[in-house]
2 protein chains.
Amino acid sequence: MESLKQRRTIRKYQPEDIPDDLLNELLTASFRASTVGNMQAYSVIVTRDADRKAKLAPAHFHQPMVQAAPVILTFCIDLHRFSKWCECRKAEPGYNNFEWFVTGAIDALLVAQTFCVAAEERGLGICYLGTTTYNPQQIIDVLELPDLVFPITTVTVGWPDEHPAQVDRLPLEAVVHAETYHDYTPADIDRLYAYKESLPENKQFILENGKETLAQVFTDVRYTKKDSEAMSESLWKAMKKQGF
Amino acid sequence: MESLKQRRTIRKYQPEDIPDDLLNELLTASFRASTVGNMQAYSVIVTRDADRKAKLAPAHFHQPMVQAAPVILTFCIDLHRFSKWCECRKAEPGYNNFEWFVTGAIDALLVAQTFCVAAEERGLGICYLGTTTYNPQQIIDVLELPDLVFPITTVTVGWPDEHPAQVDRLPLEAVVHAETYHDYTPADIDRLYAYKESLPENKQFILENGKETLAQVFTDVRYTKKDSEAMSESLWKAMKKQGF
């Protein structure tokens, strides 16, 4: 648990590769994660080839980790393999729908996080790429994903070449609710976000972006309503195109 | 990593409670999981009260773990708290859409799995309830979840009172793809599913259900197309009702 408590996302990697044996050991351990009905509704695509990393880079807004990390893992919802098994066994699969998109996402994400915990325990560093659901169609094309396979998250993995400070988190009481959801009064919000808002890097962030509050940096610059709505549409379209 | 490799889902628990200190330590560690933009788009609802467990039970098809486990954790997508912060800070949030439903689900599931890994390392046993996305509206009502909060998975937690055999998993080559997705030939399917199909418990499963193949037990009994389509609709409706 110490490794969990001390963890930080790593975006800079040493040039050394990750041996296949180690990668496979970590992946095998990650597949012990819980899975609905033991169906393992996921696949993992391993990218080591520099050309393919270059092709994936635009989908991830050219974040430098994609080309700098020795290994890129794209964790996918996969109802294709299970459906194929059904078809080979005189069974008619019915997994091309929203319920199984979500169920497959749960399966795939439990595996992704188990992989990350195991990798960090071995001294590797990881970074999740939230961009995976922004431009799924590009990733689908580059990785040649068939029907009922969908990229839900991407992790870059390598040996750390930095030791960044741990970032802040909200206090426990902001996130944990006893028995029922306790809604937040404006005074609660002030108290729970006070530490985050007091951090010099966040004050700097407001200045750099010419905003009045930290929240405005999120809503007006980093994650705008307009962008989110466009991404919702392309995510939805890609999901439909993959047959869900 | 040994604890990961040896893990099994635990469905029977000793009557002992989980102390608040331990639960809070595990939750705090789990909140170190990666989160998009450090927004922590999740909340965790802790159920200890027997009456509330009884109210949650029907949503989970009365699986006995819900009333037998000392602690039930419902991991929720939460864009409500972040949006409230924005509103208190002269910022206009735009997180009521499909992209943020999925992004919040990713955030919440990384936390859920980190919690489970940490809990198992401490000797606790866990069981995921996939039923969470089957009847989300019932859970929303019992836990009084406001707009932009959505239950994505549930974990029952307690001290193990059983030591079941580890269940099978597909071979690594069934799940991992190098560079691009390799599709499966019928011969691949035969090879990759051979071990699963050879297991006596799975042969028994076919007999008990009066089916010809194991795949038919899934498609005709456990996870039918008709049920999945009905669940897709109720999941979608609940998502919309929560404002996404």
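The residues that line the largest cavity of this predicted model divide into 14 nonpolar, with no polar and no charged residues among them. This cavity has a volume of about 100 Å³, and a search of the whole structure, in which cavities of 30 Å³ or more were counted, finds 1 cavity. Of the 14 residues in the lining, those that lie nearest the centre of the cavity are A:Val102 and A:Ala105 from one chain, together with B:Phe101, B:Val102 and B:Ala105 from the other. The lining can also be described by its helices: helix H6 (98-121) of chain A and helix H6 (98-121) of chain B each supply at least two of its residues.

The relation between the two chains was examined next by superposition. Chain B is superposed on chain A by a rotation of 180 degrees, with 0.0 Å of shift along the axis of that rotation and an RMSD of 0.0 Å. The two copies are therefore related as by a two-fold rotation axis. In keeping with this description, the same surface serves both copies, since 100% of the contact residues of chain B recur in chain A.

The interface itself was described first by its contacts and its area. In chain B, 112 residues are in contact with 112 residues of chain A. The size of an interface is often expressed as the accessible area that is lost when the parts come together. For chain B and chain A, the area buried between them is about 10400 Å², and carbon and sulfur atoms give 59% of this area.

Charged side chains were then considered. Over all chains, a search of the whole structure finds 32 salt bridges, and across the interface of chain B and chain A the rule finds 12 salt bridges. One salt bridge joins the side chains of B:Lys5 and A:Glu25, with a distance of 2.7 Å from N to O. Another salt bridge is formed where the side chains of B:Glu179 and A:Arg52 meet, with a distance of 3.6 Å from N to O. This second pair crosses between chains, for B:Glu179 lies in the loop between strand S5 (176-178) and helix H9 (186-198) of chain B, while A:Arg52 belongs to helix H3 (residues 50-56) of chain A.

Key
Residues are numbered from 1 along each chain as its sequence is written. Chains are lettered from A and ligands numbered from 1 in the order in which they are written. This is a predicted model: local features need pLDDT of at least 70, side-chain atom pairs count only at pLDDT 80 or more; totals for chains, interfaces and linings use all residues. Side-chain values use heavy atoms; hydrogens and water are left out. On a 1 Å grid over the protein atoms alone, a cavity is a set of points where a 1.4 Å probe fits but cannot get out, and a pocket is an open set with protein on both sides within 12 Å along at least five of seven lines; lining residues have an atom within 4 Å of a point. Grid points are joined across faces, edges and corners, and a volume is the space filled by probe spheres set on the points. Helices (H or I, at least four residues) and strands (E, at least two) are DSSP runs, numbered from the N terminus. Ala, Val, Leu, Ile, Met, Phe, Trp, Tyr, Cys and Pro count as nonpolar, Asp, Glu, Lys and Arg as charged, and the others, Gly among them, as polar. Copies are superposed by least squares on the C-alpha atoms of residues with pLDDT of at least 70 in both. Contact means heavy atoms within 4.5 Å. Buried area is the accessible area (1.4 Å probe) that two parts lose on being put together, summed over both. A salt bridge is a side-chain nitrogen of Lys or Arg within 4 Å of a carboxyl oxygen of Asp or Glu.
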